[in-house]
Amino acid sequence: GSFATAHCISCGSSFDPEKIFEEGEIPRCQVCHGLVKPDIVFFGEDLPQRFHDLLHKDFSECDLLFVIGTSLQVQPFASLIQRVSKKCPRVLINRETVGENSPLMRLMGFEDGFEFASSRNYRDVAILGDCDEGVMKLADAVG
């Protein structure tokens, strides 16, 4: 999602996202008077149907996975790194490493976490630090 756009949760009308943050005002739709929110998913909210519709197709076709700015603690996103093929390179750009395999996870049969420090690692890369700086480093490196 994005804070750059906003819509009415009742009728779907577009709304100026700058007005959402006006102090003391609860944004209401000018069409139906429903609540307006930025086009993001809040914790506990259902993901858009489009996420579920495209999940299998998108991840089965993925040839490079970027994971940026996350704790990988909340499902279903915490398990998305496991949905790409074993040949797909995975790049984490984050303040700290997350989503790594642990001995307990291996015992439970989950072996698709990041393997940054493992001698078995052939596809996982971590760019640690500020996400914006990490993305710029990557952009500079690839030209």
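Some ground rules: residues count from 1 along each chain as its sequence is written, and side-chain values use heavy atoms, with hydrogens and water left out. Since the model is predicted, local features need pLDDT of at least 70 and side-chain atom pairs pLDDT 80 or more, while totals for chains, interfaces and linings use all residues.

View 1. Asp124 sits in strand S6 (residues 124-128); strands are DSSP runs (E) of at least two residues, numbered from the N terminus. Asp124 is buried, at 7% relative accessible area (buried is under 20%, exposed over 50%, partly exposed in between, with a 1.4 Å probe and protein chains only). Its side chain makes a polar contact of 2.7 Å with that of Arg90 (N or O atoms within 3.5 Å, one able to donate a hydrogen and the other to accept it; residues adjacent in sequence count only if both atoms are side-chain atoms).

**View 2. Lys37 meets Glu45.** Here's a salt bridge, 3.7 Å from N to O (a side-chain nitrogen of Lys or Arg within 4 Å of a carboxyl oxygen of Asp or Glu). Lys37 is buried at 16%, whereas Glu45 is partly exposed at 33%.

**View 3. Lys57 and Glu61 on one helix.** Both belong to helix H2 (residues 49-61), four residues apart, or about one turn; helices are DSSP runs (H or I) of at least four residues.

**View 4. Glu115 with Arg120.** This salt bridge spans 3.2 Å between the closest N and O atoms. Glu115 is buried at 11%, but Arg120 is partly exposed at 46%.
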